[in-house]
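Please keep the sequence and the structure in view while reading.

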Amino acid sequence: MEGLGLIFVIILGVLFVIFATAKMKLHPFLSLLIAAFAIGIVAGLPLSDVVEAVNSGFGGLMSSIGLVIIFGTIIGVILEKSGAALRMAEVVLRIVGEKRPQMAMSLIGGIVSIPVFCDSGFVILSSLKKALAKKAKVAVTSMTIALSTGLFATHTLVPPTPGPIAAAGNIGAEAYLGTIILIGIIVVIPVIFTGYLWAIKVGTKIKVEGEDKEEEAYDYEAIVKAFGEMPSAAKSFAPIIVPIILIGLSSIITFAGWNGTLASIFLFLGSPVVALLVGVLFAFALLPSYDEETLTEWIGIGIKEAAPILLITGAGGAFGTVISTTPIADYIQSFGQNTLWTGAMFLIIPFLIAAALKSAQGSSTAAIVITSTLIAPLLPDLGITGAVPLALVVMAVGAGAMVVSHVNDSYFWVVKEFSGMTVTQAYKAQTAATLFQGLVAFIITFLLWSIFV
């Protein structure tokens, strides 16, 4: 099968994934695999080639980013359970100042969600958020929006969060992780600021029922004291900062073309797998004790959290490999000759696909994985190669995966339930905020492409 007929088959495959995950509640892992086999068979590929494409796509992606995702989730669990996430929140609060509580919560969310899932991060910091709202005498909803949007921004845009790492692996940009982190930080700053503005402009006008009575139960000092002894600030930040520095140094050495023993050592330490493993070792310094609970149970929790992401990512790799095995490449090449969709204009495609997937089935990570597998075959034929262009493609996908968080998103319900908002209030606060965040992320990405590519 070739041409428009093949495009139609692939579109049907994508629609099946959306319908199966959003309506039938089938796990994205199975829906992606079923769609991969179906597309390969209907497209007329030899059955042995379909099996080979599924196996190579799944295994190939796991070999490049599987361990990175596992190490990242382990770091997140240790930061959560050791109190390091709360310590980081305290440090940011001291730096920013209690007179700007919403700004503090936005920055706290942005930092904590780099290794910790946004859902977990919101739960961890929920009591701190309420206590600070009481202390600063600001609306709880305002603090809620600041925290939730800060968490959500880095969750979709900045590695080593699993979504952006998976997207990098899918489009063949895992070697450029340092560049993706740097550009992710550049893009995420105005995105976090957008959430902050929404918090102070809209959140202050939304009053949760029983807010005044509830606040009496929250005291900032009491909550921090109740957690017990927490690790130092240096120990708390090290598992995040050290891997980012190592990956960044590796990118600089590669870009500069430096050689020698020292360069080789830092290239080794800066490879994503080794850098995140170093982060895990630094995280071990946060453990309150070295026993079965911390060394087995906590790490086991991290592995369990990584499992569904690994499966979805691997299935996405299989899905993308089957598509690239079909004659679609020849059709894409003619498609790529259409100047309308070259350059920065191409970014609209991954943004819209990810936004449609996110809005339809709820999971940002699944939307990022599926979108990146779909667009991967287009990139070489459109001449989109190299560190900066591929990093900006990851940003466009992440921007789309922010639009929008609503009732089919588990994070929406976490934010709603832990803040006490009604569904209508949560739509006005959380859903609208994520819409504007996604749009701002895409605009910044588009501008960066226009300037640097």
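A residue is called buried when its relative accessible area is under 20%, exposed when the value is over 50%, and partly exposed in between. Phe436, with a relative accessible area of 38%, is therefore partly exposed.

**Confidence**

The mean pLDDT of the protein is 86, and 92% of its residues reach 70 or more. Among the elements, helix 20 (residues 387-400) has the highest mean pLDDT, 96, while helix 10 (residues 211-215) has the lowest, 55. Where pLDDT is low, the predicted coordinates should not be read in detail.

**Aromatic pairs**

The count of aromatic pairs comes to 8. One of them joins Trp198 and Phe436; its rings are tilted, with 5.2 Å between the centres and 35° between the planes. Trp198 belongs to helix 9 and Phe436 to helix 22, so this pair ties together parts that are 238 residues apart in sequence.

Phe442 and Phe446 form another tilted pair, 6.1 Å centre to centre and with 50° between the planes. How far apart are Phe442 and Phe446 in helix 22? They are 4 residues apart, which means a separation of about one helical turn. An α-helix has 3.6 residues a turn, so residues three or four places apart point the same way. Phe442 is buried, at 13% relative accessible area, whereas Phe446 is partly exposed, at 24%.

Phe122, Phe152 and Tyr411 make up one aromatic cluster.

| Helix | Residues | Number of residues | Expected span | Span between end C-alpha atoms |
|---|---|---|---|---|
| Helix 7 | 140-157 | 18 residues | 26 Å | 26 Å |

In helix 7, the reach from the first C-alpha to the last is close to the expected value.

How many of the residues of helix 7 are buried? The number is 18 of the 18, so helix 7 is largely enclosed by the rest of the structure. In helix 17, the buried residues are Ile349, Pro350, Phe351, Ala354, Ala355, Leu357, Lys358 and Gln361. After helix 17 comes Gly362, which has a positive phi, near 95°.

**Pocket and cavity**

Rolling a probe the size of a water molecule over the atoms shows where empty space is left. The largest pocket holds about 670 Å³ of space. Its lining has 28 residues, and Tyr176, Gly178, Thr179, Ser251 and Ile252 are the closest to its centre. Helix 9 (177-201), helix 12 (233-256), helix 13 (261-270), helix 20 and helix 22 (423-452) each give two or more residues to this lining. By type, the lining of the largest pocket divides into 19 nonpolar residues, 8 polar and 1 charged.

The structure also holds 1 cavity of 30 Å³ or more. About 60 Å³ of space lies in the largest cavity. Which residues line the largest cavity? They are Gly72, Ile75, Ile114, Pro115, Pro160, Pro239, Ile240, Pro243, Ile244 and Leu276. Helix 3 (47-82) and helix 12 are the elements that give two or more residues to this lining, and helix 12 gives the most, with 4 residues. The lining of the largest cavity has 9 nonpolar residues, 1 polar and no charged.

**Distances in sequence and in space**

Ala131 is part of helix 6 (residues 118-136) and is buried, with a relative accessible area of 1%. From Ala131 to Leu277 there are 146 residues in sequence and 35 Å in space, C-alpha to C-alpha.

Leu67 lies in helix 3. Is Leu67 buried or partly exposed? At 45% relative accessibility, Leu67 counts as partly exposed. Leu67 and Ala84 are 17 residues apart in sequence, and their C-alpha atoms are 23 Å apart in space.

Terms used:
Residues numbered from 1 in each chain as written. Predicted model: local features only at pLDDT ≥ 70, side-chain atom pairs only at ≥ 80, totals over all residues. Heavy atoms only, no water. Buried < 20%, exposed > 50% of the residue type's maximum accessible area, 1.4 Å probe, protein only. pLDDT = per-residue confidence, 0-100. 1 Å grid on protein atoms, 1.4 Å probe; cavity = no way out; pocket = protein on both sides within 12 Å on 5 of 7 lines; lining within 4 Å. Points joined across faces, edges and corners; volume = space filled by probe spheres on them. Nonpolar A, V, L, I, M, F, W, Y, C, P; charged D, E, K, R; others polar. Phe/Tyr/Trp six-rings, centres within 6.5 Å; stacked < 30°, edge-to-face > 60°. Expected span 1.5 Å × (residues − 1).
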